[in-house]
Amino acid sequence: MMKKLLLGGVLSAAMLAPSFGAEGQAPAQLTAEQQAQLMQMMQNAPSITVDEAVKALPENLASFNGQMFTRKDFADMLKTQFKDGKLPAGVNAQMMSSLAPRIISDMIQQKLLMEAMKKAGIVPSATLVRTEMEKQLKEAKKEELDFLAQMLAQQNKTMDQLIKEQSENPMVQQQIAMQMFLDKYVLKNIKVTEADALKYYDSHKSEFVQPGDPADSIRASHILVMVKDDAPENVKKEALAKINRILAEVKQNPKNFEALAKTNSECGSAANGGSLGAFRKGMMVPEFEKAAFALKDNEISGVVKTQFGYHIIRRDPAAKEQPLSFAQVKDQLIEYLTGMEKQKAVQEYGKNLLESSNFKLLIPQPQAAAPQSK
């Protein structure tokens, strides 16, 4: 949640994705061939304006709370999402007519949700976003903060700049306010227990399997002492002396490889005892790849020089497919099931909002495609 908000101003998909289709219908599923054809068509098709896309729709599209939702209302709301007034390439008037019932339902649901938020005293604002971001920063884990700092450095931004940018974004303001409202009034009683997760695990054991490594891959770990090719000779000598000292320790006690990687390696893999996982040919630099593929399982290389510096490589046995225990998946499973329960609650709440407003679509819904005969 913290990374999604701070990096992109985007809340959980379960909270903000369209919660249900018109009359609760799920969107039709496309075959792989149909998806490929659609992608090809969209890539080659020109963009059209929002006004062009909706012009074939009738004047009145839906009613709710005694109000009429018109074609102009629809176009105006679409334009807030597409600032240049153009839809993505490939979206034509026919497609818009097909999608309109779903989009209109979601738009009106959002309007009703905003009204409920206003009644509850939760109003989008820059202060609201700033307060929430500062709270999330305090609660964030170290690895999340490190990841964020890295992303900010790449974008040449400071934390203050990011907070200011996000807090002044009207869409982020709305999303934060919406999340706060849902958390307080819709999701507060949702709780998935360990017993709930175990019940799901026991009835879906075939889903909890760790796949084995691909047949054409190997698995390896390494210890890296970094040095650039253009580094001064004395720096290269120091790096080489260091890797040779580590190699001597590894040879003396190969079981200490992971511990030595954690304390000495200058690669991000150090946190995992130097493990690089499984990889195929072509995924590593040539010198590293040649040395790694030449090793046997559990064999340790001498010093290998690459553009990154000096390596000690150990080839690890391939991972085989194996079932995951409940203890291994418990935390992620509870998180997943909690997300699913929250999504259901939001869907039900949205459905109730529409029903209580006497929502009625005034345009025909697209007919579901008939199953193809074999």
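**Aromatic rings and overall make-up**

Tyr200, Tyr201, Phe208, Phe326 and Tyr336 are linked into a cluster by ring pairs, where rings of Phe, Tyr and Trp (its six-membered ring) pair if their centres lie within 6.5 Å. This is a predicted model, in which local features need pLDDT of at least 70 and side-chain atom pairs count only at pLDDT 80 or more, while totals for chains, interfaces and linings use all residues. Residues are numbered from 1 along each chain as its sequence is written, and side-chain values use heavy atoms, with hydrogens and water left out.

Ring pairs

- Eight aromatic pairs are found when the whole structure is searched.
- The ring centres of Tyr201 and Phe208 are 5.1 Å apart and their planes stand at 40°, so this pair counts as tilted (planes under 30 degrees apart are stacked, over 60 edge-to-face, and the rest tilted).
- Tyr201 is buried, with a relative accessible area of 10%, and Phe208 is buried too, at 11% (buried means under 20% relative accessible area, exposed over 50%, partly exposed in between, with a 1.4 Å probe and protein chains only).

Charges over rings

- Lys281 lies over the face of Phe293, 5.3 Å from the ring centre, a placement that requires NZ of Lys or CZ of Arg within 6 Å of the ring centre and within 35 degrees of the ring normal.
- Lys305 lies over the face of Tyr310, at 5.7 Å from the ring centre.

The whole chain

- The protein chain has 15 helices and nine strands, which are DSSP runs (H or I, at least four residues, for helices; E, at least two, for strands).
- Of the 374 residues in the protein chain, 36% are buried.
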